[in-house]
Amino acid sequence: MKPTDITNPEYFHKVVDCQYACPAHTNVPEYIRLILHENYTQAYMINWVSNVFPGILGRVCDRPCEPACRRVRVENEPVAICRLKRVASDNRDEVQPLLFRAPKKKNGKRVALIGAGPASLTVARDLAALGYELDLFDDQPVAGGFIRSQIPSFRLPEEVLNTELNYILDMGGITTHFNTYVSDIRDIMDKGYDAIFVGTGAPRGRDLPGLPGRKEGDKKIHVGIEWLAAVVFQHVEKVGKRVLVLGGGNTAMDCCRTARRLGGEDVKVIVRSPMAEMKASEWEIEDAVKEDIPIIDNHVPLEFVVENGTLIGMRFQKVKPEYDQSGKRSLVPTGEDPVMLECDEVLLAIGQQNAFPFIDESSGIEFNDWGLPVLDPVTLQSSIPNIFFGGDSAFGPGNIIIAVAHGHNAAISIDLLCQSKDTHDRPEPKVTLAGQKLGFHDWIYDSQITEDERQIVPTVEKAKTLRDRLVEVELGFPVYTGKTEAKRCLNCDVQTVFDYGLCIECDACVDVCPTSCINFIENDEEEALREKLIVPARNLDEDLYVSEILPTGRVMVKDENVCLHCGMCAERCPTAAWDMIKYSYKSPIAGDS
Amino acid sequence: MSYERPKFRHPEAQKNKLGYTRKAYEGAISTLCAGCGHDSIVSSIITAFFEMSIEPHKVAKLSGIGCSSKTPAYFLGRSHGFNSVHGRMPSVATGANMANKDLIYLGVSGDGDTASIGMGQFAHVVRRNLNMIYIVMNNGCYGLTKGQDSATADKGSKSRKGAPVSFESIDLCELAILLGADFVARGFSGDKKQLLPMLKAAISHKGMAFVDVISPCVTFNNAPTSTKSYSWVRDHMEATATFDFIPLQQEILTEYDHGSTIPVSLHDGSVITLHKREDKEIITNKKDAINSLEEAKARDQILTGILYLKPDSEDFHDINQTTDTPLNQLTEKELCPGDEVLQAFNDSMR
């Protein structure tokens with residue numbers, strides 16, 4: 001193998017698994033260390049700059065960082081990264097003076113944002129700070145988009161939501177046009193904006209129009225996302241005692257738990273596929289099960305059963321999954337009799353679709369076969385160069401943090417476009433290196449590895465929260481528990497950096513490394529080298545760090561996979577050939593050079 | 001500074017035949033200087049016992065005083081141990097071995113502990129051919145008292161302070177051969193590839209297995225002008241013969257050309273295969289072994305590898321015809337067999 005080029009910022013970036021997995025690349029280890037040192041405000045600000053909605057995401061993020069966490073590979077449970085974000089948010093001091101402000105002097109560029117969800121708001125924040133004038137359009141009376149209408153208050157209190165939305169809306173430079181439905185994008189195009197950003201989400205919930213009984217039972221059959229929105233805006237305040245929720249995603253989980261709070265006593269979730277293949281996050285399924293909601297898998301709906309004009313239940317076909325050679329799944333009926341499940345109401349949470357009723361062909365915006373806009377994946381530019389898409393409306397349903405990442409990206413593109421620069425000539429990430437040596441054998445960072453298990457977030461008594469949909473279930477980590485959890489972080493951003501010129505090949509690092517990552521070995525092709533290590537490096541997602549050739553003709557090969565970043569190699573190195581260097585990676589935002 | 005190693009290990013770490021990972025053979029974290037050669041020897045000891053699937057409680061580790069003698073704290077944390085008086089490890093090992101011959105005795109000593117204060121003890125434990133592994137972690141200086149030259153420092157060698165050693169050095173391997181040891185080897189802490197099979201062979205050998213390991217003192221004796229430094233040893237190392245250690249249970253898979261490979265069987269059935277160098281004599285001849293050592297010295301080379309081996313040796317128990325049962329397992333019944341037996345014995349003497 002060739003020696004690893006550690007001057008390429010992407011190499012060490014990839015070692016920080018959580019940050020790498022985060023679409024917005026939030027500097028997770030840094031804010032967790034700040035929590036450990038009770039510097040909550042700064043921890044919050046690192047988040048706010050990067051992911052815009054720390055208080056919101058600290059409750060409802062899809063957490064792509066957690067399955068990526070190195071702790072999963074050396075222990076079992078990841079660091080509770082998401083809930084630590086909430087700790088930073090809960091304990092922060094007044095951050096108002098630290099937030100971005102719109103400058104008094106505007107730059108004369110005007111941008112329209114259609115939809116007031118997380119993607120548009122991110123674009124608004126990034127651009128308002130640069131002096132842009134922004135017009136924000138939404139058909140609802142308030143901002144938030146799906147964060148407001150889809151996420152029940154018992155998971156995300158309205159106050160938290162409003163505070164963080166207002167941080168943006170109050171910056172200056174943003175003019176809101178609520179209760180304004182844009183029925184034709186050409187109306188906006190005609191107004192002479194320098195750029196237009198579309199962040200209208202994937203607003204259409206899938207239905208089962210062809211299923212027998214759908215029409216007859218219509219009154220008691222609801223599309224999940226519409227029903228959740230109706231609950232938020234208080235158009236719906238009650239639900240029948242027996243409720244069936246169809247679907248296995250997070251929306252299904254929100255529907256069933258909301259139903260439990262609106263009078264549903266016997267609420268069941270019915271899933272077509274096997275439980276293990278449900279789309280909902282593990283923890284959201286757990287929360288639903290804790291609220292006495294059974295999840296019945298391998299049931300495919302056959303019909304809505306309506307008697308005398310009233311819905312009395314649904315019939316299902318029991319199936320079992322079968323997999324062909326390519327691993328493709330098909331659901332095959334078991335041959336058993338159909339199952340009748342009685343109910344008073346049905347909520348359909350079987351997926352969302354994109355819909356752009358306000359864009360027609362004559363606008364000049366091209367769409368692909370899946371009904372999604374044709375976009376440049378880097379710039380998010382549509383076929384009309386000054387119209388951009390982001391969030392769910394760009395590539396189909398995703399999640400909040402993806403929407404935020406799109407927002408940052410689109411803002412960069414818009415800023416470049418407005419300055420007549422090449423939108424592909426994008427700003428680089430900001431990278432800094434900071435040595436961690438404090439003394440002979442001491443490090444600035446907390447290098448000790450704790451064996452504490454993942455801490456559990458305390459919750460409000462079930463009976464209490466089921467009575468009121470506005471009572472937040474989770475209480476968040478208390479300060480002490482938050483610190484215990486923060487200590488579990490392995491500081492993956494503190495990199496083990498090897499200088500082959502200083503190495504005397506004494507093997508001290510190999511001998512002390514607890515997880516046998518370090519090898520001194522004859523070089524070979526990657527595939528062969530991976531097998532020859534002390535413990536073969538079979539996790540191909542993790543790189544090998546290979547040095548230049550050492551005096552004995554061997555090379556140092558480090559498998560990054562389960563390195564604990566404990567600093568023992570550097571501590572036991574007599575010549576400081578190993579060093580622990582903190583590597584900070586900050587994704588570019590609009591205005592960065 | 002870290003006072004303990006993190007508890008996590010590689011989740012895919014190999015297990016040995018007993019189902020243990022290497023972790024079961026580790027000890028406390030080393031408190032020696034960073035980069036000390038002793039740590040590499042410790043690591044090789046751990047690997048040897050782990051790979052040979054020896055239960056840790058079947059091992060007794062004994063040591064004297066010095067940097068080397070601290071190391072038993074860093075390996076085999078679940079074995080028996082005795083940290084004795086300076087230079088007196090061989091006496092304690094002898095006593096323990098007499099009482100319980102079933103344990104594997106691993107003595108760890110240094111160049112000061114063996115070649116100076118413990119020289120008399122060393123000489124006698126070797127000539128008695130006690131069944132043990134006697135490792136000398138040899139750095140040519142007194143690391144614990146700020147690096148004064150030891151008795152194994154080569155004449156003319158310069159440590160960090162720059163003054164050449166004025167006295168002749170003691171070659172412990174040559175001495176051990178002369179004193180009657182049947183397994184004598186020399187390794188280098190910076191060459192685990194050679195050290196590991198060497199230790200395994202020493203563990204398998206019955207009788208005194210003497211292993212001198214050159215182990216640079218990074219703090220006081222690692223100047224390029226020192227003959228015990230990493231760079232000097234690497235430049236001047238010469239192996240007697242490369243060798244493989246094949247434990248009893250393992251099938252011999254490699255086909256050797258019989259002209260160049262000599263298999264040597266040890267008492268427990270395991271085999272050392274020596275890949276003979278063209279210009280070298282085989283090592284089972286005492287005279288040749290000493291010659292080779294002297295010739296290498298004359299060329300400014302350090303001869304490493306298994307220097308001398310007599311596989312069918314008689315150990316201290318054989319020579320003394322002691323009981324097969326360890327003393328600690330003998331009950332009053334065996335020790336006091338009664339009047340009749342005494343009478344018969346007395347009669348036999350009349």
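Predicted model: local features only at pLDDT ≥ 70, side-chain atom pairs only at ≥ 80, totals over all residues.
Glu286(A) is found in helix H15 of chain A, which covers residues 282-290.

**The open sheet of chain A**

Five strands of chain A form an open sheet with parallel pairing, and their order is E6-E14-E7-E8-E9. Strand E6 (221-223) and strand E9 (295-296) of chain A stand at the edges, and since each has a single partner strand, one side of each is left without a neighbour in the sheet. Within this order, strand E7 (residues 242-246) of chain A pairs with strand E14 (residues 345-348) of chain A in the parallel sense over four bridges, and there Leu244(A) has Val346(A) in E14(A) as its bridge partner. Five bridges join E7(A) to E8(A), which also run parallel, and in this pairing Val243(A) stands opposite Val267(A) in E8(A). In a regular strand, the side chains alternate between the two faces of the sheet. Strand E8 (residues 266-270) of chain A has four buried residues out of five, so this strand is largely enclosed by the rest of the structure.

**Salt bridges**

Side chains of opposite charge can pair when their charged atoms come close. Over all chains, the count comes to 63 salt bridges, and the table lists some of them.

| Salt bridge | Closest N and O atoms |
|---|---|
| Asp254(A) with Arg155(A) | 2.9 Å |
| Arg214(A) with Asp207(A) | 2.8 Å |
| Glu291(A) with Arg257(A) | 3.1 Å |

Which parts of the chain does the pair of Glu291(A) and Arg257(A) tie together? Glu291(A) lies in the loop between H15 and E9 of chain A, while Arg257(A) lies in helix H14 of chain A, so the pair ties together parts that are 34 residues apart in sequence. Glu291(A) is buried, with a relative accessible area of 4%, and Arg257(A), at 3% relative accessibility, counts as buried too.

In chain B, salt bridges that share partners join Asp171(B), Glu174(B), Arg186(B), Asp212(B), Glu294(B) and Lys297(B) into one network.

As for the other pairs in the table, both Asp254(A) and Arg155(A) are buried, whereas the bridge between Arg214(A) and Asp207(A) joins a buried residue, Arg214(A) with a relative accessible area of 9%, to a partly exposed one, Asp207(A) with 29%.

Notes
Residues numbered from 1 in each chain as written. Chains lettered and ligands numbered in written order. Heavy atoms only, no water. Helix = DSSP H or I, 4+ residues; strand = E, 2+ residues; numbered from the N terminus. Pairing = 2+ DSSP bridges. Buried < 20%, exposed > 50% of the residue type's maximum accessible area, 1.4 Å probe, protein only. Salt bridge = Lys/Arg side-chain N within 4 Å of Asp/Glu carboxyl O.
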